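Me: I would like to go through this model with you. Shall we begin once it is on screen?

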Amino acid sequence: MLDAVLGKLARQDDPNVLVGFDTADDAGVYRISAKQALVQTVDFFTPVVDDPYTFGQIAATNSLSDVYAMGGQPLSALAIVCFPEKDDPAILEQILSGGLSKMMEANCTVIGGHSVRDPEIKFGYAVTGTIHPDHVLTNSNAQILDALILTKPLGTGVISTAIKKGEAEPAWIESATHAMTTLNRLAADIAASGKFRVHSATDITGFGLIGHAREMALGSGVSAHIYSVGIPLLAGALDCVRAGYIPGGLKANREFAECVVAYDAGIPEEMKTILFDPQTAGGLLLSVAREDAAPILAALKAAGVPAAEIGQILPQGKPLIRVS
């Protein structure tokens with residue numbers, strides 16, 4: 001719906017807008033000088049775990065991720081709070097404390113925010129970062145023969161659904177929580193270090209792996225080949241799919257984007273499903289020059305980032321995305 005509406009809006013003619021909403025990128029980028037640009041993003045959502053402190057951490061990690069996906073450094077943040085009028089203020093304090101802990105880890109200063117009464121809790125941040133105008137990583141510059149590297153396992157959407165239904169096993173909750181509270185900072189620092197030819201980047205969030213790979217392929221004028229056997233998954237992710245813990249967002253993602261996907265024979269249905277799982281605070285998807293794939297993977301793993309090569313970029317054609 002939003003995609004259709006944005007397509008009808010008039011474009012503002014401002015040469016300082018380096019990245020706007022026309023390529024569905026992760027954040028906007030606005031040049032303020034020859035050597036500095038602002039990276040701006042906003043994200044908030046309802047709780048995905050029961051513990052309020054952990055929810056605050058996840059919301060902050062997720063909000064910061066879009067700045068990292070552009071290759072930027074977070075600078076400041078504004079909190080966005082929706083909270084029931086009659087709920088315990090101690091819950092709100094724990095949410096804010098959890099968020100602040102991750103903002104401090106990212107060296108990002110919370111300088112204010114806005115709150116409204118709402119029967120449903122929602123929380124997140126508007127984050128501003130900085131970047132050199134010549135070093136912006138967009139989702140629309142993938143090059144033919146690039147390797148696709150994913151820096152976090154998939155599965156937070158289906159596991160969060162199992163949590164809400166009270167059916168998630170402790171090991172599943174632990175693995176998903178760890179993933180959702182781990183900043184993409186280390187992965188972004190390596191990707192933006194200049195040591196490797198990273199041509200394009202995006203973070204895997206609400207549209208799932210296929211949805212974000214679709215945006216990268218369309219924006220770059222290429223196609224993508226995804227290796228299903230190489231995709232890292234959270235403990236319990238496929239168990240949740242088999243048990244039917246399918247979030248509404250996954251179904252919507254699949255209905256929207258599966259039309260551009262072709263599957264090789266023999267891929268299990270649960271594997272096809274997880275490719276559309278909406279991620280919260282998911283990893284980065286990097287399009288890296290083939291010769292630099294092994295070196296950047298080694299650097300990521302040495303830094304403790306559970307990265308894996310999951311595909312490659314191909315010349316534009318049909319299907320837009322092939323899964324083998």
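Me: What joins strand 2 to strand 3?
Reply: A hairpin does, through 2 residues. Strands here are DSSP E runs of at least two residues, and helices are H or I runs of at least four, numbered from the N terminus. The model is predicted: local features need pLDDT of at least 70, side-chain atom pairs count only at pLDDT 80 or more, and totals for chains, interfaces and linings use all residues. Residues are numbered from 1 along each chain as its sequence is written, and side-chain values use heavy atoms, with hydrogens and water left out.

Me: In which sense do strand 2 and strand 3 pair?
Reply: Antiparallel, over 5 bridges; pairing requires at least two DSSP bridges. Arg31 stands opposite Ala37 in strand 3.

Me: Changing topic, which helix gives the most to the lining of the largest pocket?
Reply: Helix 7, with 6 residues. A pocket is an open set of points on a 1 Å grid over the protein atoms alone, where a 1.4 Å probe fits, with protein on both sides within 12 Å along at least five of seven lines; lining residues have an atom within 4 Å of a point.

Me: And how many residues line the largest pocket?
Reply: There are 46, and Leu2, Thr205, Gly206, Phe207 and His212 lie nearest its centre.

Me: Why is helix 7 largely enclosed?
Reply: Because 11 of its 13 residues are buried, meaning under 20% relative accessible area with a 1.4 Å probe, protein chains only. Among them are His212 and Arg214.

Me: What comes just after helix 7?
Reply: Gly221, which takes a positive phi of about 70°.

Notes:
Buried < 20%, exposed > 50% of the residue type's maximum accessible area, 1.4 Å probe, protein only.
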